[in-house]
Amino acid sequence: MVSSPGRLVVGSLTAALISLGVFACGDDEGEDGLGTDATPDPEPLFRALEDDLIRTCGGPNGTCHVRGSFQQAPTWLGGPDPYVTVKRYRGVLPATKEVGDSILLTQVRHAGPALTEAPNDLYRRVSDWLTAEVPGPPLPNTGAFSVLSGFNSIPLDTVAPGLTDARLTFLATETNGTLTLDALKLVAPPNANVKVDSPFFVILPRSGKVKAEPEVNGFKGELTVPAGESVDLFTGKMILLRWDPTGQLKIAFNKIESTPGQSSGGACTALDLFNSSALPAMGKLVDLLPDDDEDPGEPLGQGSCLGCHAKAPPANEGPSPAVQAMDLRAAATDPAAACAQAKIWINRENKAQSTILLNPTGKGNPQHPMKALTDNDPIIQGIKAWVDAEQ
Ligand code: HEC
(Lines give C-alpha, C1' and ligand atoms only; values in the text may rest on other atoms or scores of the structure.)
Protein backbone atom coordinates (compact mmCIF):
# COMPACT_ATOMS: atom_id res chain seq x y z
CA MET A 1 0.00 0.00 0.00
CA VAL A 2 1.49 3.29 -1.06
CA SER A 3 0.28 6.54 0.36
CA SER A 4 1.05 9.76 -1.40
CA PRO A 5 0.72 13.06 0.40
CA GLY A 6 -2.42 15.01 -0.30
CA ARG A 7 -3.92 12.38 -2.60
CA LEU A 8 -6.99 10.42 -1.78
CA VAL A 9 -7.30 6.96 -3.18
CA VAL A 10 -10.41 4.94 -2.55
CA GLY A 11 -10.47 1.35 -3.63
CA SER A 12 -13.12 -1.24 -3.17
CA LEU A 13 -11.78 -4.57 -1.97
CA THR A 14 -13.50 -7.62 -0.57
CA ALA A 15 -16.76 -7.72 1.30
CA ALA A 16 -14.83 -7.73 4.56
CA LEU A 17 -12.87 -4.63 3.70
CA ILE A 18 -15.75 -2.66 2.33
CA SER A 19 -13.70 0.17 1.14
CA LEU A 20 -10.21 1.13 2.00
CA GLY A 21 -9.02 4.66 1.63
CA VAL A 22 -5.37 5.45 1.71
CA PHE A 23 -4.15 8.89 2.25
CA ALA A 24 -1.43 10.62 3.99
CA CYS A 25 -2.66 11.55 7.38
CA GLY A 26 0.90 12.48 8.17
CA ASP A 27 3.44 14.78 6.69
CA ASP A 28 6.87 15.82 7.74
CA GLU A 29 6.55 19.54 7.79
CA GLY A 30 6.35 21.41 11.04
CA GLU A 31 8.07 21.92 14.30
CA ASP A 32 9.80 19.38 16.33
CA GLY A 33 7.45 18.73 19.20
CA LEU A 34 10.11 17.39 21.54
CA GLY A 35 9.61 19.07 24.82
CA THR A 36 9.05 16.21 27.18
CA ASP A 37 10.73 16.09 30.49
CA ALA A 38 10.68 13.88 33.52
CA THR A 39 7.63 15.43 35.14
CA PRO A 40 5.10 12.86 36.27
CA ASP A 41 2.31 15.26 35.28
CA PRO A 42 0.90 13.79 32.06
CA GLU A 43 -0.77 16.88 30.64
CA PRO A 44 2.42 18.72 29.62
CA LEU A 45 3.58 15.55 27.87
CA PHE A 46 0.38 15.55 25.88
CA ARG A 47 0.52 19.27 25.12
CA ALA A 48 4.02 18.79 23.75
CA LEU A 49 2.87 16.19 21.26
CA GLU A 50 -0.64 17.45 20.61
CA ASP A 51 0.20 19.30 17.39
CA ASP A 52 2.14 16.38 15.97
CA LEU A 53 -0.62 13.96 16.89
CA ILE A 54 -3.25 16.11 15.24
CA ARG A 55 -1.09 16.48 12.17
CA THR A 56 -0.57 12.71 11.96
CA CYS A 57 -4.02 11.46 12.90
CA GLY A 58 -6.27 14.43 12.25
CA GLY A 59 -5.84 14.06 8.50
CA PRO A 60 -6.11 16.89 5.94
CA ASN A 61 -7.95 19.76 7.64
CA GLY A 62 -8.88 17.47 10.50
CA THR A 63 -11.16 15.33 8.35
CA CYS A 64 -10.01 12.14 10.10
CA HIS A 65 -9.86 11.93 13.85
CA VAL A 66 -10.65 15.57 14.64
CA ARG A 67 -13.82 16.16 12.65
CA GLY A 68 -14.58 12.63 11.50
CA SER A 69 -15.98 13.74 8.16
CA PHE A 70 -13.87 11.14 6.33
CA GLN A 71 -15.39 7.63 6.53
CA GLN A 72 -16.86 8.54 9.90
CA ALA A 73 -13.46 8.28 11.49
CA PRO A 74 -13.90 8.34 15.28
CA THR A 75 -13.28 11.83 16.60
CA TRP A 76 -10.96 11.04 19.44
CA LEU A 77 -9.10 14.31 18.84
CA GLY A 78 -12.29 16.35 18.46
CA GLY A 79 -14.12 18.68 20.81
CA PRO A 80 -13.03 21.95 22.35
CA ASP A 81 -10.05 20.36 24.09
CA PRO A 82 -8.46 17.32 22.43
CA TYR A 83 -6.74 16.43 25.71
CA VAL A 84 -10.09 15.94 27.44
CA THR A 85 -11.54 14.08 24.47
CA VAL A 86 -8.65 11.72 23.90
CA LYS A 87 -8.47 10.64 27.51
CA ARG A 88 -12.15 9.78 27.54
CA TYR A 89 -12.08 7.82 24.31
CA ARG A 90 -12.51 4.11 24.97
CA GLY A 91 -9.30 2.15 24.69
CA VAL A 92 -6.88 5.10 24.60
CA LEU A 93 -6.05 4.70 28.28
CA PRO A 94 -6.12 0.91 28.34
CA ALA A 95 -8.40 -0.76 30.87
CA THR A 96 -5.66 -3.35 31.48
CA LYS A 97 -3.37 -0.55 32.70
CA GLU A 98 -0.82 -1.98 30.31
CA VAL A 99 0.23 0.88 28.06
CA GLY A 100 1.11 -1.49 25.22
CA ASP A 101 -2.63 -2.32 24.95
CA SER A 102 -3.65 1.24 24.05
CA ILE A 103 -5.53 1.49 20.76
CA LEU A 104 -3.24 4.38 19.83
CA LEU A 105 -0.17 2.17 19.98
CA THR A 106 -1.66 -1.02 18.55
CA GLN A 107 -3.56 0.44 15.60
CA VAL A 108 -1.89 -0.59 12.37
CA ARG A 109 -1.82 1.25 9.08
CA HIS A 110 -5.45 1.81 8.06
CA ALA A 111 -6.90 4.70 6.08
CA GLY A 112 -4.30 6.57 8.07
CA PRO A 113 -0.83 5.60 9.15
CA ALA A 114 0.26 3.53 12.12
CA LEU A 115 1.81 5.64 14.81
CA THR A 116 5.06 3.77 14.35
CA GLU A 117 5.32 5.36 10.91
CA ALA A 118 4.83 8.89 12.19
CA PRO A 119 7.64 11.43 12.18
CA ASN A 120 9.26 13.13 15.18
CA ASP A 121 9.45 9.98 17.28
CA LEU A 122 5.73 10.31 17.88
CA TYR A 123 5.16 6.68 18.84
CA ARG A 124 7.61 6.88 21.72
CA ARG A 125 6.29 10.24 22.87
CA VAL A 126 2.71 8.98 22.87
CA SER A 127 3.84 5.96 24.83
CA ASP A 128 5.62 8.14 27.38
CA TRP A 129 2.55 10.29 27.76
CA LEU A 130 0.30 7.21 28.19
CA THR A 131 2.71 5.81 30.77
CA ALA A 132 2.34 9.03 32.75
CA GLU A 133 -1.48 8.79 32.48
CA VAL A 134 -1.57 5.11 33.43
CA PRO A 135 1.36 4.56 35.73
CA GLY A 136 0.34 0.97 36.45
CA PRO A 137 0.97 -1.59 37.69
CA PRO A 138 -0.93 -3.51 35.00
CA LEU A 139 -4.00 -5.40 36.19
CA PRO A 140 -3.28 -9.03 36.99
CA ASN A 141 -3.71 -11.01 33.79
CA THR A 142 -3.04 -14.35 32.14
CA GLY A 143 -0.80 -13.03 29.39
CA ALA A 144 -1.66 -13.81 25.78
CA PHE A 145 -2.84 -17.29 24.86
CA SER A 146 -4.25 -18.93 21.75
CA VAL A 147 -7.75 -20.38 21.81
CA LEU A 148 -8.39 -23.97 20.76
CA SER A 149 -11.64 -25.05 19.23
CA GLY A 150 -13.34 -27.09 21.97
CA PHE A 151 -11.97 -27.50 25.49
CA ASN A 152 -9.46 -24.97 26.85
CA SER A 153 -7.77 -24.86 30.23
CA ILE A 154 -5.93 -21.64 31.05
CA PRO A 155 -3.55 -21.84 34.01
CA LEU A 156 -3.71 -18.91 36.43
CA ASP A 157 -0.40 -19.75 38.17
CA THR A 158 1.38 -16.68 36.86
CA VAL A 159 -1.46 -14.23 37.46
CA ALA A 160 -0.91 -13.72 41.18
CA PRO A 161 0.83 -15.48 44.06
CA GLY A 162 -0.93 -18.47 45.63
CA LEU A 163 -2.70 -19.51 42.44
CA THR A 164 -0.72 -22.64 41.58
CA ASP A 165 -3.13 -25.07 39.91
CA ALA A 166 -5.94 -22.53 39.68
CA ARG A 167 -7.37 -22.31 36.18
CA LEU A 168 -10.12 -21.11 33.94
CA THR A 169 -11.74 -23.63 31.65
CA PHE A 170 -14.17 -23.16 28.78
CA LEU A 171 -15.45 -24.62 25.55
CA ALA A 172 -14.77 -22.42 22.54
CA THR A 173 -16.63 -22.24 19.23
CA GLU A 174 -15.81 -19.82 16.45
CA THR A 175 -18.29 -18.93 13.73
CA ASN A 176 -17.90 -16.09 11.26
CA GLY A 177 -15.77 -13.92 13.44
CA THR A 178 -17.69 -14.55 16.65
CA LEU A 179 -16.01 -16.49 19.43
CA THR A 180 -18.38 -18.10 21.92
CA LEU A 181 -17.09 -19.36 25.24
CA ASP A 182 -19.39 -21.78 27.06
CA ALA A 183 -19.15 -23.70 30.33
CA LEU A 184 -16.76 -20.98 31.47
CA LYS A 185 -15.50 -22.04 34.89
CA LEU A 186 -13.09 -20.88 37.51
CA VAL A 187 -11.34 -23.81 39.17
CA ALA A 188 -9.71 -23.21 42.57
CA PRO A 189 -6.66 -25.25 43.62
CA PRO A 190 -7.11 -27.82 46.45
CA ASN A 191 -5.35 -25.59 49.00
CA ALA A 192 -6.65 -22.10 48.26
CA ASN A 193 -9.90 -20.20 47.91
CA VAL A 194 -9.82 -17.87 44.92
CA LYS A 195 -11.60 -14.54 44.80
CA VAL A 196 -11.86 -12.57 41.58
CA ASP A 197 -13.26 -9.15 40.87
CA SER A 198 -14.64 -8.08 37.50
CA PRO A 199 -12.64 -10.21 35.05
CA PHE A 200 -12.62 -9.27 31.37
CA PHE A 201 -11.42 -10.73 28.09
CA VAL A 202 -8.94 -8.78 26.02
CA ILE A 203 -8.85 -9.47 22.30
CA LEU A 204 -5.37 -9.33 20.80
CA PRO A 205 -5.71 -9.54 17.03
CA ARG A 206 -2.66 -10.78 15.18
CA SER A 207 -2.34 -7.31 13.81
CA GLY A 208 -4.46 -4.33 14.77
CA LYS A 209 -6.03 -2.59 17.71
CA VAL A 210 -6.22 -4.43 21.01
CA LYS A 211 -9.76 -4.57 22.36
CA ALA A 212 -9.72 -4.22 26.14
CA GLU A 213 -13.33 -3.30 26.89
CA PRO A 214 -14.51 -4.52 30.28
CA GLU A 215 -18.03 -3.12 29.76
CA VAL A 216 -18.44 -5.20 26.60
CA ASN A 217 -16.31 -8.29 27.14
CA GLY A 218 -16.32 -8.70 30.88
CA PHE A 219 -18.26 -9.48 34.03
CA LYS A 220 -18.95 -7.06 36.88
CA GLY A 221 -18.67 -8.04 40.51
CA GLU A 222 -16.94 -10.43 42.83
CA LEU A 223 -16.86 -14.19 42.84
CA THR A 224 -15.26 -16.53 45.34
CA VAL A 225 -14.50 -20.16 44.59
CA PRO A 226 -13.77 -22.38 47.61
CA ALA A 227 -10.63 -24.51 47.54
CA GLY A 228 -10.90 -27.54 45.28
CA GLU A 229 -14.16 -26.41 43.70
CA SER A 230 -15.11 -25.18 40.30
CA VAL A 231 -17.80 -22.59 39.75
CA ASP A 232 -19.33 -21.02 36.66
CA LEU A 233 -17.59 -17.72 36.00
CA PHE A 234 -20.63 -15.46 36.51
CA THR A 235 -23.04 -16.40 33.68
CA GLY A 236 -20.60 -19.06 32.43
CA LYS A 237 -20.84 -17.67 28.93
CA MET A 238 -19.07 -14.97 26.94
CA ILE A 239 -19.55 -13.93 23.34
CA LEU A 240 -16.70 -12.04 21.72
CA LEU A 241 -17.47 -10.24 18.48
CA ARG A 242 -15.00 -9.35 15.75
CA TRP A 243 -12.74 -12.20 16.75
CA ASP A 244 -9.67 -12.79 14.63
CA PRO A 245 -9.15 -16.58 14.58
CA THR A 246 -5.41 -16.04 14.17
CA GLY A 247 -5.36 -13.71 17.17
CA GLN A 248 -5.03 -14.35 20.87
CA LEU A 249 -6.88 -13.67 24.08
CA LYS A 250 -5.83 -12.43 27.46
CA ILE A 251 -7.92 -12.42 30.63
CA ALA A 252 -7.45 -9.53 33.03
CA PHE A 253 -8.87 -9.17 36.53
CA ASN A 254 -9.65 -6.00 38.38
CA LYS A 255 -8.48 -8.04 41.35
CA ILE A 256 -7.64 -11.64 42.02
CA GLU A 257 -6.50 -13.03 45.32
CA SER A 258 -6.20 -16.29 47.12
CA THR A 259 -6.63 -17.21 50.77
CA PRO A 260 -5.50 -20.47 52.30
CA GLY A 261 -8.23 -23.06 52.15
CA GLN A 262 -8.81 -26.73 52.49
CA SER A 263 -10.62 -28.63 49.82
CA SER A 264 -13.46 -30.79 50.99
CA GLY A 265 -12.30 -32.91 48.07
CA GLY A 266 -15.21 -31.63 46.00
CA ALA A 267 -16.76 -34.80 47.37
CA CYS A 268 -19.94 -36.07 45.80
CA THR A 269 -23.01 -36.08 48.01
CA ALA A 270 -24.79 -38.66 45.86
CA LEU A 271 -21.96 -41.14 45.43
CA ASP A 272 -24.32 -44.11 45.68
CA LEU A 273 -26.27 -42.89 42.64
CA PHE A 274 -23.02 -42.18 40.82
CA ASN A 275 -22.07 -45.82 41.40
CA SER A 276 -25.47 -47.41 40.79
CA SER A 277 -26.71 -45.23 37.95
CA ALA A 278 -24.16 -42.88 36.32
CA LEU A 279 -21.19 -45.26 36.09
CA PRO A 280 -23.16 -48.12 34.49
CA ALA A 281 -24.67 -45.62 32.01
CA MET A 282 -21.24 -44.30 31.15
CA GLY A 283 -20.07 -47.82 30.38
CA LYS A 284 -22.76 -48.37 27.71
CA LEU A 285 -21.93 -48.25 24.02
CA VAL A 286 -22.21 -45.07 21.97
CA ASP A 287 -21.35 -44.35 18.33
CA LEU A 288 -18.06 -42.54 17.87
CA LEU A 289 -17.35 -39.66 15.53
CA PRO A 290 -14.05 -38.46 14.13
CA ASP A 291 -12.76 -35.64 16.31
CA ASP A 292 -12.12 -33.28 13.43
CA ASP A 293 -14.32 -31.93 10.65
CA GLU A 294 -13.07 -34.36 8.02
CA ASP A 295 -16.02 -36.62 7.78
CA PRO A 296 -18.65 -35.48 10.20
CA GLY A 297 -21.61 -37.79 10.58
CA GLU A 298 -19.66 -40.89 9.64
CA PRO A 299 -19.47 -43.17 12.71
CA LEU A 300 -16.11 -44.75 13.54
CA GLY A 301 -17.42 -47.72 15.46
CA GLN A 302 -18.43 -47.83 19.07
CA GLY A 303 -17.02 -46.88 22.43
CA SER A 304 -18.26 -45.48 25.72
CA CYS A 305 -17.83 -42.51 28.00
CA LEU A 306 -15.52 -44.55 30.19
CA GLY A 307 -13.76 -46.00 27.15
CA CYS A 308 -12.47 -42.50 26.41
CA HIS A 309 -12.60 -40.71 29.76
CA ALA A 310 -11.19 -43.52 31.92
CA LYS A 311 -8.55 -44.74 29.53
CA ALA A 312 -4.98 -44.90 30.88
CA PRO A 313 -2.48 -43.46 28.39
CA PRO A 314 0.10 -45.72 26.72
CA ALA A 315 3.42 -45.83 28.59
CA ASN A 316 5.40 -42.58 28.32
CA GLU A 317 2.50 -40.60 26.90
CA GLY A 318 0.49 -37.97 28.72
CA PRO A 319 -3.22 -38.33 29.39
CA SER A 320 -5.44 -38.17 26.30
CA PRO A 321 -7.46 -35.02 25.53
CA ALA A 322 -10.59 -36.82 26.80
CA VAL A 323 -8.92 -37.51 30.17
CA GLN A 324 -7.53 -33.98 30.37
CA ALA A 325 -11.05 -32.64 29.93
CA MET A 326 -12.75 -35.06 32.35
CA ASP A 327 -10.59 -37.53 34.21
CA LEU A 328 -12.53 -40.66 35.17
CA ARG A 329 -9.49 -42.94 35.34
CA ALA A 330 -10.27 -43.71 38.98
CA ALA A 331 -13.75 -45.03 38.10
CA ALA A 332 -12.91 -48.65 38.88
CA THR A 333 -10.49 -48.17 41.79
CA ASP A 334 -11.73 -45.03 43.57
CA PRO A 335 -15.21 -44.04 42.37
CA ALA A 336 -15.38 -41.16 44.87
CA ALA A 337 -12.40 -39.54 43.13
CA ALA A 338 -13.93 -40.12 39.70
CA CYS A 339 -17.23 -38.72 40.94
CA ALA A 340 -15.51 -35.53 42.16
CA GLN A 341 -14.07 -35.07 38.65
CA ALA A 342 -17.37 -35.72 36.89
CA LYS A 343 -19.09 -33.33 39.30
CA ILE A 344 -17.03 -30.43 37.91
CA TRP A 345 -19.24 -30.68 34.83
CA ILE A 346 -22.50 -30.26 36.72
CA ASN A 347 -24.06 -26.83 36.65
CA ARG A 348 -25.40 -26.67 40.17
CA GLU A 349 -27.57 -23.62 39.57
CA ASN A 350 -29.22 -25.16 36.55
CA LYS A 351 -28.85 -28.91 36.41
CA ALA A 352 -30.37 -29.24 32.93
CA GLN A 353 -27.58 -27.01 31.62
CA SER A 354 -24.83 -29.30 32.94
CA THR A 355 -22.09 -29.95 30.40
CA ILE A 356 -22.08 -33.62 31.36
CA LEU A 357 -25.65 -33.84 29.98
CA LEU A 358 -25.27 -31.34 27.14
CA ASN A 359 -22.06 -32.79 25.67
CA PRO A 360 -23.41 -36.28 24.91
CA THR A 361 -26.67 -34.83 23.54
CA GLY A 362 -24.79 -32.65 21.04
CA LYS A 363 -25.68 -29.38 22.79
CA GLY A 364 -22.33 -28.72 24.40
CA ASN A 365 -18.90 -28.93 22.85
CA PRO A 366 -19.35 -29.25 19.06
CA GLN A 367 -15.98 -31.07 18.92
CA HIS A 368 -17.16 -33.82 21.25
CA PRO A 369 -16.36 -37.00 19.31
CA MET A 370 -19.50 -39.07 19.79
CA LYS A 371 -22.82 -39.23 18.03
CA ALA A 372 -25.43 -37.20 19.89
CA LEU A 373 -27.89 -39.12 22.05
CA THR A 374 -31.48 -38.06 22.66
CA ASP A 375 -32.50 -36.62 26.03
CA ASN A 376 -34.38 -39.80 26.93
CA ASP A 377 -31.64 -42.19 25.99
CA PRO A 378 -31.01 -44.54 28.96
CA ILE A 379 -27.40 -43.31 29.09
CA ILE A 380 -28.52 -39.71 29.60
CA GLN A 381 -31.24 -40.76 32.03
CA GLY A 382 -28.70 -42.79 33.99
CA ILE A 383 -26.30 -39.85 34.28
CA LYS A 384 -29.16 -37.45 34.97
CA ALA A 385 -30.46 -39.44 37.96
CA TRP A 386 -27.12 -38.80 39.67
CA VAL A 387 -26.80 -35.18 38.42
CA ASP A 388 -30.22 -34.31 39.86
CA ALA A 389 -29.37 -35.81 43.25
CA GLU A 390 -25.93 -34.23 43.55
CA GLN A 391 -25.75 -31.18 45.86
C1 HEC B 1 -14.46 -41.07 21.56
C2 HEC B 1 -14.10 -40.64 22.86
C3 HEC B 1 -15.17 -40.01 23.75
C4 HEC B 1 -16.35 -40.54 24.15
C5 HEC B 1 -17.00 -41.84 23.74
C6 HEC B 1 -16.90 -39.60 25.08
N7 HEC B 1 -16.08 -38.52 25.20
FE8 HEC B 1 -16.38 -36.92 26.39
N9 HEC B 1 -14.72 -36.03 25.64
C10 HEC B 1 -13.87 -36.60 24.71
C11 HEC B 1 -12.85 -35.64 24.36
C12 HEC B 1 -11.73 -35.86 23.35
C13 HEC B 1 -13.11 -34.50 25.12
C14 HEC B 1 -12.33 -33.19 25.07
C15 HEC B 1 -12.96 -32.35 23.98
C16 HEC B 1 -12.11 -31.18 23.54
O17 HEC B 1 -10.89 -31.20 23.74
O18 HEC B 1 -12.70 -30.27 22.95
C19 HEC B 1 -14.27 -34.77 25.92
C20 HEC B 1 -14.83 -33.89 26.83
C21 HEC B 1 -15.90 -34.20 27.66
C22 HEC B 1 -16.37 -33.36 28.73
C23 HEC B 1 -15.75 -32.06 29.24
C24 HEC B 1 -16.22 -30.88 28.48
C25 HEC B 1 -15.54 -30.77 27.15
O26 HEC B 1 -16.21 -30.81 26.13
O27 HEC B 1 -14.31 -30.65 27.13
C28 HEC B 1 -17.46 -33.98 29.27
C29 HEC B 1 -18.31 -33.48 30.40
C30 HEC B 1 -17.65 -35.21 28.55
N31 HEC B 1 -16.68 -35.30 27.58
C32 HEC B 1 -18.65 -36.11 28.82
C33 HEC B 1 -18.83 -37.31 28.15
C34 HEC B 1 -19.90 -38.24 28.41
C35 HEC B 1 -20.95 -38.07 29.49
C36 HEC B 1 -19.75 -39.25 27.54
C37 HEC B 1 -20.61 -40.48 27.36
C38 HEC B 1 -22.03 -40.28 27.22
C39 HEC B 1 -18.58 -38.98 26.75
N40 HEC B 1 -18.05 -37.77 27.15
C41 HEC B 1 -18.09 -39.80 25.75
C42 HEC B 1 -13.95 -37.87 24.20
C43 HEC B 1 -15.01 -38.72 24.40
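**A close look at Gly303**

Gly303 counts as partly exposed because 16 C-beta neighbours lie inside 10 Å. For that term, C-beta atoms are placed from the backbone, and 20 or more others within 10 Å make a residue buried, 12 or fewer exposed, and anything in between partly exposed. Please keep in mind that this is a predicted model: local features need pLDDT of at least 70, side-chain atom pairs count only at pLDDT 80 or more, and totals for chains, interfaces and linings use all residues. Residues are numbered from 1 along each chain as its sequence is written.

Gly303 sits in strand β13, which covers residues 302–303. Strands (E, at least two residues) and helices (H or I, at least four) are DSSP runs, numbered from the N terminus. Leaving aside residues up to four places away in sequence, Gly303 touches Val286, Leu288 and Cys308; contact here means backbone-placed C-beta atoms within 7 Å. Met370 is 67 residues from Gly303 along the chain, yet 8.6 Å separates their C-alpha atoms.

One of those partners, Cys308, leads us to the ligand. Cys308 is among the closest of the 30 residues around the ligand, along with Gly150, Phe151, Cys305 and Asn365; to be near, a residue needs its backbone-placed C-beta atom within 6 Å. Two or more residues of this shell come from each of β3 (150–155), α7, α8 (321–325), α10 (355–358) and α11. Helix α7 provides the largest share, four residues. Sorted by class, the shell holds 18 nonpolar, eleven polar and one charged residues, where Ala, Val, Leu, Ile, Met, Phe, Trp, Tyr, Cys and Pro are nonpolar, Asp, Glu, Lys and Arg are charged, and the others, Gly among them, are polar.

In α6 (residues 271–282), the buried residues are Leu273, Phe274, Ala278, Leu279, Ala281 and Met282. They lie on the same side of α6 because they cover an arc of only 155° around its axis, taken from the directions from the helix axis to the C-beta atoms. These buried residues pack against α7 (305–309), α9 (335–343) and α11 (378–389).

Finally, here is the wider setting. The protein has eleven helices and 13 strands, and 35% of its 391 residues count as buried. Among contacts between residues at least 6 apart in sequence, 58% join residues at least 24 apart.

Conventions. Two residues are in contact if their C-beta atoms, placed from the backbone, lie within 7 Å.
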